[in-house]
Structures are given as C-alpha cells and as structure tokens.
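User: Please walk me through this model. I want to know what backs each label.

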Amino acid sequence: MPLVEMTDVRKTFPAATRGGQDVEAIRGVDLTVEAGEIVGVVGYSGAGKSTLVRLINALETTTSGSVRIGGREITTLKERELREVRLGIGMIFQQFNLFRSRTVWGNIAYPLEVAGVAKDERNRRISDLLHFVGLADKAHSHVEQLSGGQKQRVGIARALATNPSLLLADESTSALDPETTQEVLALLRRVNRELGITIIVITHEMDVVRSLAQRVVVMEAGRIVEEGPVLQVLSDPQQPVTRRFVATIVDDEPDPEALAALHSRHAGTFVKLAFRGDDVRQSDVFAELLRHGVTFELVYGGIEEVQGETFGNLTLALDGDPDAVRTAVAAVRDLVPTTELAR
Ligand SMILES: Nc1ncnc2c1ncn2[C@@H]1O[C@H](COP(=O)(O)OP(=O)(O)OP(=O)(O)O)[C@@H](O)[C@H]1O
C-alpha cells in the first residue's frame, strides 16, 4: 500500500477581491509515494508545490479529489482525527519556524508536550534526537545562538519527535549556504536510511533533487508535467520546464558562442559523449580513441554522481587522421551515446 496516494486532487483558492479571479493552485494531481522513498518535487515559484504539501498534511482542504495517507482517506476526517494523522507527518521549513523563546531542548520538546508524552519518555526521546542530529552539546542553547544549519537540524529533530513515517521538507535548504546545504541533505539521507522515514522534498533547486531524491516529480501551473527516477529524468527530460531545471545542473554541450570560441582554439572534430551509469567506463572509451591513433582534449562538460552512478556529458576535441577519427567515432558510438557537434 502506498504511503501517500493523491487522486485527481484539485485546490482552488477563492479570488482575493470581489470580481477577481479564483486561483487554481492544484489542477488535477495524481501522486503516489511508496513507503521508504525520497521523492523530490520541483517547480518554479507558483507551480503549486507548497499547496501540494499542505494538502498532504491537511493544513489545507482539497476542493475535490482524494488524499490517502497510509491507506486512510483524510479529506473527510474531522479535526480531531486529522490531528492523529498529522502526528505521523513531520514537517520542516525554509525559515526553520523554531520558537525563539525556547532552547534547542524546548523546541524539540514542544510536539511531545502537545502529544502528551510523559516527562521521562520525553527526555529520553529528546536526548536520542539531539544525538542523532549531532547537537547534544547545544541542548541548552537558545535558537538565536545557532547557525542556519544548526537551526535546521533542530527543525529536523523536532519534526522527528513524534516518530513520523513521513517527513515533508518545504525548501528546507533554500536559506542555507552550499556547504551547510550538503550537511543538511546528508542528515536527511540518514533520516531516510537509518530511520526508514519517507521524505517528500519540495524545492526549486534541481541540485537538491539530484543529491537527495530517488524519484522526481516536476510541477508546472498546478499540474505534474513529468515524473520518473532521477537518473532517467536527468538523462532524458521530456518537458521544456524539466529541461530548464536539468540544464541548471548538467552541462549538456557548449552553447553556440562557447562552441565558436572553442573551435577557434582547437582544430578537429568535436564530439559530445553522454555517460549514463557505470556499464561503460570512461577509460574504455578513451582507450578506443587512442587505439585508432586519435588524440583528444576534454574541452567542456563534467561528470558527477547521481544515485551512486556516473552521470554527465563530456565534449572532446578529437585530433588525428580524418579517416581514423571517423572510424574511432563509430567505435565510440557503440559504447556511449555520441553526438558530433557541427562547426
Ligand atoms: N492561501 C492562499 N490563498 C490564495 N492563493 C494562494 C494561497 N496559497 C497559494 N496560493 C496561490 O496558489 C498558487 C500556488 O502557490 P504555491 O505556494 O503552492 O506555489 P509554490 O510552487 O510552492 O511556489 P513558492 O515556491 O513561491 O512557494 C500561487 O498562484 C499562489 O499565489
């Protein structure tokens, strides 16, 4: 049974002014999230991402459609029953939303107090959580004394306090610098791996999706326009909006201006090689070129890791006898997707 199952969900906000237009924030979304997954939801501002998560934890009511959490339809529940459902869902925010008047300990204690957890049990739980997020030495610090990354770790500990099975992260790293972002993402990976918690991460940063999610859902104007395993969507994005997101993290090929500049510095044929996964080793590809007496320079692109697999595009300037280059390119084409870049 999926942990989250949304079927033809719509959410319309009434117009702010009389005679104004209603806002169709969500226009018929079907989304299934299996237990244990990390799903990234990307989209530009206004795509409906925040509304989507607020429908999952019932902070907003649906206009129509079905939302099931752990098999339970939540759109028809009473407020008291909804509180129960929400206990199973943790949430973290871009601006952390911590209580400034409380210490780190006090912030994590809050949801446990609300849930009526007895003091001994509460103290044990807080202490475990502080160790898990690496803030045991900050228990009695005030929130203002913490760095952004530390604040988000408190946010994560607080979200985990009631042992949720689902964590919703809404732009949880957007206020952090790149290094701190990586720390928080590493912690979220541990939350998923070690605690088995399902994570839905809302973001406008494709890089967050690349390094955290297994599956990505792309939203535009209130709809899901594309979804699939991260490696697949990065390799072969179908929609223009997805291509724009992918282009922010994957160097595809030099744009015409850069290509012209490169051609003025390098003679010979330019080819773009697409490395996808670990089936083909770069060294085998390069060996093939050398075997034909073709030398090369790497002029553009890069390789990174997605889901533990090699991923990236490399543009090479090939140099050698034209016949040899032609044969070598044909041989390389058998190993990896290869595109010749015209002058
Ligand atoms: N409470 C509300 N009342 C009226 N309109 C709303 C409300 N909440 C969201 N909207 C509108 O719904 C649309 C989707 O907003 P939403 O915040 O879900 O998008 P988003 O993708 O999360 O964007 P952002 O990253 O900017 O938050 C927008 O047009 C927004 O103005």
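User: What makes the four strands a sheet, and in which order do they lie?

Analyst: The order is E12-E13-E11-E14, in an open sheet with antiparallel pairing. Strands are DSSP runs (E, at least two residues; helices are H or I, at least four), numbered from the N terminus. Two strands pair if DSSP finds at least two bridges between them. This is a predicted model: local features need pLDDT of at least 70, side-chain atom pairs count only at pLDDT 80 or more, and totals for chains, interfaces and linings use all residues. Residues are numbered from 1 along each chain as its sequence is written.

User: Why are E12 and E14 called edge strands?

Analyst: Strand E12 (295-306) and strand E14 (338-341) each have a single partner strand, so one side of each lacks a neighbour in the sheet.

User: How do you know that E12 pairs with E13?

Analyst: 11 bridges join E12 to E13 (residues 309-319), and the two run antiparallel. The definition asks for at least two bridges, so they count as paired. Glu305 stands opposite Thr310 in E13.

User: Which strands does helix H12 lie across?

Analyst: Helix H12 (residues 322-333) lies across E11 (269-276), E13 and E14. Contact means C-beta atoms, placed from the backbone, within 7 Å. H12 runs at about 145° to E14. Axes are lines fitted to C-alpha atoms, for helices over the stretch in contact, and angles run from 0 to 180 degrees between N-to-C directions.

Technical notes:
Two residues are in contact if their C-beta atoms, placed from the backbone, lie within 7 Å.
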